[in-house]
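Open the model in your viewer and keep the sequence panel beside it. Each stop below gives something to select and then says what is there.

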Amino acid sequence: MMHHLLTISLINESGYVMGNTEKRFLLRLSQQLYEKLAAEATEKNKSVNAYIVSLLEDAEGDTNFEHRQFIGRAIAGKNIYVESGLVMVSGIYYRYLIDDNSHVDKRARYTVIEANGNILTLRKIKE
């Protein structure tokens with residue numbers, strides 16, 4: 001199997017390599033993954049390196065306190081209070097949305113799929 005070795009550089013918004021904060025390392029990719037990334041990079045008019053850096057920066061930007069603390073957490077239906085529109089997670093109340101707008105099943109379990117400020121989006125776990 002052929003692998004491609006890339007050197008990843010951090011680039012600022014102007015497209016210049018950032019001062020002494022540049023960190024280079026080798027990254028092994030399968031031929032199939034490299035070709036996919038190369039095609040996507042071409043569509044974005046970027047080098048493969050710049051495209052991978054932009055993907056990593058975008059992924060990092062989505063990490064906030066709520067996201068780190070709640071995404072994927074399971075919640076018992078009994079902790080969802082329909083009357084007040086609140087859900088209790090770790091002793092704290094948050095507003096909630098159900099992703100498919102279904103009614104709350106107090107016997108079911110739910111998982112947090114999104115956290116935006118004090119609003120959690122929940123999805124019923126199919127058993």
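R107 is exposed, with a relative accessible area of 77%. Its partner is D105: the two form a salt bridge in which the closest N and O atoms are 3.8 Å apart. Bear in mind that this is a predicted model, so these are computed values for a prediction.

K124 is partly exposed, with a relative accessible area of 37%. With D105, R107 and K124 all shown, you are looking at a network of salt bridges. Side chains of opposite charge can pair when their charged atoms come close.

How many salt bridges does the count come to? The count is three. To see another of them, select D99 and R123, whose side chains meet at 2.5 Å, N to O. D99 lies in the loop between β6 and β7 while R123 lies in strand β8, so the pair ties together parts that are 24 residues apart in sequence. D99 is partly exposed at 31% relative accessible area, and R123 is partly exposed at 41%.

Stay in the loop between β6 and β7 and select N101, which is found there. Its phi is near 60 degrees, a positive value in a residue other than glycine. N101 is exposed, with a relative accessible area of 70%.

Next, switch to a cartoon view for the sheet. Six strands form an open sheet in the order β3-β7-β8-β6-β5-β4, with mixed pairing. Which strands stand at the edges? They are β3 (74-76) and β4; each has a single partner strand, so one side of each is left without a neighbour in the sheet. Strands of a sheet pair through backbone hydrogen bonds, either parallel or antiparallel.

Three bridges join β3 to β7, and the two run antiparallel. I75 stands opposite Y110 in β7. β7 then pairs with β8, also in the antiparallel sense, over six bridges; here V112 has L122 in β8 as its bridge partner. These two strands form a hairpin with two residues between them, and G117 in the turn has a positive phi of about 65 degrees.

On to β6 (residues 92-98). It pairs with β8 (residues 119-124) in the parallel sense over four bridges. Is T121 buried or exposed? At 12% relative accessibility, T121 counts as buried. Leaving aside residues up to four places away in sequence, T121 touches L97, D99, T111, V112, I113 and E114.

Then move to N45, in the loop between α1 (31-43) and α2 (48-61). N45 has a positive phi of about 60 degrees although it is not a glycine. N45 is exposed, with a relative accessible area of 74%.

Finally, colour the chain by confidence. The mean pLDDT is 80, and 75% of the residues reach 70 or more. Confidence is highest in strand β4 (residues 80-81), at a mean of 96, and lowest in strand β1 (residues 3-7), at 56.

Conventions: Residues numbered from 1 in each chain as written. Heavy atoms only, no water. pLDDT = per-residue confidence, 0-100. Pairing = 2+ DSSP bridges. Buried < 20%, exposed > 50% of the residue type's maximum accessible area, 1.4 Å probe, protein only. Contact = heavy atoms within 4.5 Å. Salt bridge = Lys/Arg side-chain N within 4 Å of Asp/Glu carboxyl O.
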